[in-house]
Each structure stands twice: as C-alpha cells, then as structure tokens.
Amino acid sequence: TGGCPEGPPGLSPCPLSPFPAVTSEQIEHLHRRFKQLSQDQLTIRKENFDSIPDLEFNPIRGKIVHAFFDKRNLRQASDGLADEINFEDFLTIMSYFRPIEMNMDEEQLDRFRKEKLKFLFHMYDSDHDGKITLQEYRNVVEELLSGNPHLEKESARSIADGAMMEAASICVGQMGPDQVYEGITFEDFLKMWQGIDIETKMHVRFLNVDTIAHCY
Amino acid sequence: MEVVWAVGQVGAVWVAVVLGLIVLPSALGISLGISEAYMWVLVKTLEWATIRLQKGVKKPQPQMPQTPTANGIIERDETPMEKEIARLHRADFEFSHIFYFCRKGFEAIVDDEVTQRFSSEELLSWNLLTRTNVNFHYISLRLTVVWVIGVIVRYCFLLPLRFTLATIGITSMIVGTTVVGQLPNGSVKNYLSEVVHLTCSRILVRALSGTIHYHNKENRPQKGGICVANHTSPIDAIILTNDGCYAMVGQVHGGLMGVIQRATVKACPHVWFERSEIKDRHLVTKRLREHVADKSKLPILIFPEGTCINNTSVMMFKKGSFEIGGTIYPVAIKYDPQFGDAFWNSSKYNIVSYLLRIMTSWAIVCNVWYLPPMVREENEDAVQFANRVRSAIARQGGLTELPWDGGLKRAKVKDTFKEEQQKNYSKMLVRNGSIG
C-alpha cells in the first residue's frame, strides 16, 4: 500500500492513495493520538478503544470500532476482521474522513464520494455479503435506539421496515406482489444518495494550530 | 581538619543568609523584593529566547487565526444533536442519522476532551524547560548555551536553596504547632497558631519561588464558612494558606505527611479522617456540619473535584461538599504555565518526582480570585448548587467547564451517562412521529 513509514515521518507529506496528501503536521498529531490509544505499543486492539470516554456515549460505538478492524476498509481483503492494526492502517481508516480539497477535479471528487459511501455501506453490511438485508438494517436501528427502555422492539422494527420500503421504491421502482426485495446492493446505495451532499457531513477537519513556537 | 572548618564556615554563612533574607521577612510578612527582581530577570530571558526561536524558524508562517490549544486539534461541530439530525432529515428515519453518530465517534477517537485534561497543557512558546515542549529541536548554539546555563542554575543553585527552605518550613511547622498545641485553648493559642501557620506557609511558598496575585481580597472566606477551589496540585493548599488560615480536610496519611497532620491538629482544629471513616458519607457530613456550625472555627478548605486536573478546565464537583450547608466561598486558582507546570499527573509521576519537578522549575506563578459568597437556594438541590458554583469558578479563572467526573482518570464511564444520550436520541425520534 501507500508506503507510509511507521512513526512520525520526515517533513515530506505522505500520499495515501486515492486521497489527497495529508500534511505532515496532521500525521504527527494522529501519531501522538495513536500512541496514546495504544499505550505506546505498535498496534491497537479493540480493547484500546475502551479508554475513550466520549466514545462511550455513542450508540453505534460497536460498529465504529468494528469498522477500524474491517478488512474491507483496510483494503486487505474482501472479508474478515483483523485482530490488531498498526499506524498505517489507522491512517487508512482516518483517510475516509478527509475533508474535500478545493483543487480536486470531477473524477477525484467522484472517487472520494464513492469511498466514503462504501465505508458507510460496510458499516451496515455486517455479514460482508455485499447486500444490506432487512435484518441487518433492523440491527442498526435497534442499536441506535438501544438506550431507551420505553421503546419496544416492535417500534424499532417498524421504523426499519418503513425505511427499507422507501429504499426499495427508490431502487427498484414499483414491485409486483410476488417480488421480494433481497437487499440493498452498493449500486442501489449509491443511487439513494444521488444529489445529496454527503462529503461535508462525513469529514473531520483539522485545526491549523499555529506552529510558530514548536521548535522545528 | 581545616577543610571541615571551612565547610562549617560556608554552611554557617549559607544558613545565616537564608534566615536573614528569607525566613525573617516571612515571619514578619514583609517582602524584600528579591523574588520580584528574580522574576524580572526571568521574564526578560524568556522573551529573548522566544525571539530567537521565531528568528530560527526557516519557513514563513501563514497568518492563521490563533486557536487556543486547549480546545484540541480538530474543528468540532457543536450543533446539538436535534438540530443536526433535523438538517439531515429527508424522510422519517433513515441512513442519514448514522452520519451524525459516525462523525461524532471519529471526532472522539481523534481527540477527546477528557483525556487531554489529564496530561499537561502544552505551551505555545518554549520556556527553556524541555519537559514542556514535545517537539524540541536544535535551533541555534546561543539558545542551547542559554538552556544549559538554565539547567545549571536550576539544578545546582535553585534546587538546594529551595530544598533548604522547604526543610526549614516543614520543620518549623511541626515544631511550632507542637509547641502551640501545648497551650490551653483560648484566644492566645488561636492567635499563635495562626502566626505559625502563616509563617510556615510563606516560607514554603518562597521555597517554590511562588509569586501569587490575590484578587478581591474583600471576599476572603470568613469563619464558619466553607471554601471550595479547583484542584491542580497538592500545593494548592499552600497557595491558599499563604493568605489566610483554614481548617484542612483530608485523609490521614502515613510517613512525613502523617507527622505534619498529627502536629498541626493539636494547634488548630483541622479535620483529618481515617481511611475507614471516609467511606461512611454520613459520618463525614456530620463531622463537617458540626465544624461549620461553630462560628468561631476557621473556614474549611475543600477541593470538590476529588482529583488533580490540569488547570485548563474544571470537572464535575462532587455534591458531598455542598450538602453540608453554610456559606460557600468559591475560589478560582489559575497557574501561569509559562514558568512551571504545577499540574500533578499522578498516573505518571509519584509525589517525590513531582516535588522534584516543581523545585527545578523556574517559578510558580498563579492568580487567585476570591469570589463572592454563595448560598444554596431553596429550590436548588445539591447537584445544581454544585454546578452553579463550578460555573462561577470556571468563568473567573478562564477555564472551560466539563460535565465529566475527575474519577475518569482511573475508571470507565458510568452506564447511566451512556443511557442518557441514547434516551435523548430515541425520544427525538418518537417525537418526530416515526413510530406509527
């Protein structure tokens, strides 16, 4: 893959294909964060994410952590989970949340968008078969609503069913009474998001911390 | 023989200098202006060093708006959950909600607000102490020479001086309070006890080269009240007792600390709890209530956060201190990190290495603000009152407020917090009529 060295690299930026270059400063920040999470080890395991209090709040915490170890996101295989990830893998996952740059052309923008949507798709498709089935979607909704004891499973189900029906109507159009909607494929998923600007919602933007005083 | 005599002479001169220039003025409460001169030289040197640094940076820096490092390294979207999800709303419930939580999750992984409070604040400009700046690189020969001189001054001159002072301070505290403790209870005893405590505090503050600015002295805690302050390090107590007398509250320790505790409690009614007693909250509250009810007793000093935070924020105040009743006198303490980092990172350093770091820093400079007294209102419960006091302290000291518990340094988030967030989210969905 990208050939990014372990540890804080020299002053040249490290291109993580297919995304635009990350600055060396941002890589240093992320590396410091990586060391903090891994407690100075070379790799991170799932347990290391337990030390982040802010993350505990998040109802889909499990799926987010899972996404870090998903081999499809790490571009290593089309299936399976890694046990631990190193800094390069960490950067690969972080790159899905790169904000768009001003100087990108049409093709780059399109690829960018596809990669982000693919990341999201993998989050829903938990059995890695390339389709989001009704059951998988139900799982996600239940997880999002899991904290409320007053909300019954039935309500969560009806939400999921409603959403799937809407998805089906967008992707397949009118279905006959015998037709069964198998699941949302990635192409259908892309269709659903056509025309909607997701790039600005799925990014984490770094602040430009003034480097006047860091003694370089 | 001659060598021993010479060393004895030097030692005597040394002690005489220390006594004359430092201990005596402390006892009388006057200042000879030596600390001020030292600080002036220090400030000039650091300014020079910063200018050298700026010249040394080769690449031109673009003019970026200054963002305080205390806020972290990523731009956080602070829109509340309801607004953000409403924006993403296309139909009743759908894939878009996951965007919000996904992004929040990633923001938390890259930089979380809580963990960064448990490590020292990083300085924007270097103060010639390598420990405060992670990215130390070689800049110029002159700067390195100054740094080496700084090391020599700090370790070979300041450290022994401070160590001597600290020893004198602690010894006189133990001896003084034991002597005063023999007297029968009465106003003479109280007066002498105050004198002893104040003198020793002043000596100890000079032992740390402390420069403290007190603001709003008219709001100083009165007898029969409770003084609450934010907690950054064990020397907070010394900073406050430098200007007034308090009854300390704390656990009984062993070793040197235990000796000090036992000696001081004879002279002044400090409240020391055994470890077993601390577990019993009612007992603790009862004892403190009795103390507060006696209007002739000194105000209690409490640090409600329960642990040391790095002085950029104020964490959750434990409600126990606010259930006792009485008048609360809030105090905000803000250290200036330019001259030395006062934060005690107890997971990284033990108390001895912490004291060593403090004694080899340039100085401890801090501002103490006495805030007007607060009383619990009728329709407030202890938690709300605690939060109100906390806001006042945070606002005055320029610290951010975090709803988190300082105990997170060592433990995990309580499940009740998690469920709160999830409840909010599902309540919102139900409200939007997606169940039907």
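Select B:Arg220 to start: with a relative accessibility of 28%, this residue counts as partly exposed. Keep in mind throughout that the model is predicted.

**Stop 1: around B:Asp243**

Stay on B:Arg220 and show its side chain. It meets the side chain of B:Asp243 in a salt bridge, 3.7 Å from N to O.

Now centre on B:Asp243. Is this residue buried or exposed? B:Asp243 is buried, at 11% relative accessible area. The cut-off for buried is under 20%.

B:Lys217 is partly exposed, with a relative accessible area of 40%.

**Stop 2: helix 10 of chain B**

Select residues 281-293 of chain B, which make up helix 10. Show B:Lys286 and B:Glu290. They form a salt bridge, and their closest N and O atoms are 3.7 Å apart. How many residues separate them along the helix? The two are four residues apart, so about one helical turn lies between them. B:Glu290 is partly exposed, at 48% relative accessibility.

For a network of salt bridges, switch to chain A. Pick A:Asp70, A:Arg72 and A:Asp125: salt bridges that share partners join these residues into one network. Over all chains, the count of salt bridges comes to nine.

**Stop 3: the nonpolar patch on chain B**

Select B:Trp14, B:Val15, B:Leu19, B:Leu141, B:Val145, B:Ile149, B:Val153 and B:Phe157. Together they make a nonpolar surface patch of about 700 Å². Which helices each supply at least two of its residues? They are helix 1 (2-28) and helix 5 (141-181) of chain B. Helix 5 gives the largest share, five residues.

Zoom in on B:Phe157, which lies in helix 5 of chain B. B:Phe157 counts as partly exposed, at 46% relative accessibility.

**Stop 4**

Next, select B:Val195 in helix 6 (residues 187-207) of chain B. B:Val195 is partly exposed, with 32% relative accessible area.

**Stop 5: chain A as a whole**

Chain A has eight helices and three strands. Along the sequence the pattern runs α-α-α-α-α-β-α-α-β-α-β. Chain A has 216 residues, and 51% of them count as buried.

**Stop 6: helix 5 of chain A**

Select residues 106-124 of chain A, which form helix 5. This helix has 19 residues. From its first C-alpha to its last it reaches 27 Å, close to the 27 Å expected at 1.5 Å a residue. Its buried residues include A:Phe112, A:Leu117, A:Phe119 and A:Tyr124. Charged residues are also among the buried ones, including A:Arg113, A:Glu115 and A:Lys116.

Bring the surface back. A:Asp105, A:Glu106, A:Glu107 and A:Asp110 form a negative surface patch. A:Asp110 is found in helix 5. A:Asp110 is partly exposed, at 44% relative accessible area.

**Stop 7: two positive phi angles**

Go to A:His128, in the loop between helix 5 and strand 1 (131-132) of chain A. Its phi is near 60°, a positive value in a residue other than glycine. A:His128 counts as buried, at 16% relative accessibility.

End at A:Gln39, in the loop between helix 1 (24-38) and helix 2 (53-56) of chain A. Phi is positive here too, near 55°, and again the residue is other than glycine. Is A:Gln39 buried or exposed? A:Gln39 is exposed, with a relative accessible area of 56%.

Methods
Residues are numbered from 1 along each chain as its sequence is written. Chains are lettered from A and ligands numbered from 1 in the order in which they are written. This is a predicted model: local features need pLDDT of at least 70, side-chain atom pairs count only at pLDDT 80 or more; totals for chains, interfaces and linings use all residues. Side-chain values use heavy atoms; hydrogens and water are left out. Patches are made of residues with over 30% relative accessible area and no salt bridge: like charges are joined within 9 Å, nonpolar side chains (Val, Leu, Ile, Met, Phe, Trp, Tyr) within 5 Å. Accessible areas come from the Shrake-Rupley method with a 1.4 Å probe; for residues, only the protein chains shown count as cover. A salt bridge is a side-chain nitrogen of Lys or Arg within 4 Å of a carboxyl oxygen of Asp or Glu. The place of a charge is taken as NZ of Lys, CZ of Arg, CG of Asp or CD of Glu. Buried means under 20% relative accessible area, exposed over 50%, partly exposed in between (1.4 Å probe, protein chains only). The expected span of a helix is 1.5 Å times one less than its number of residues.
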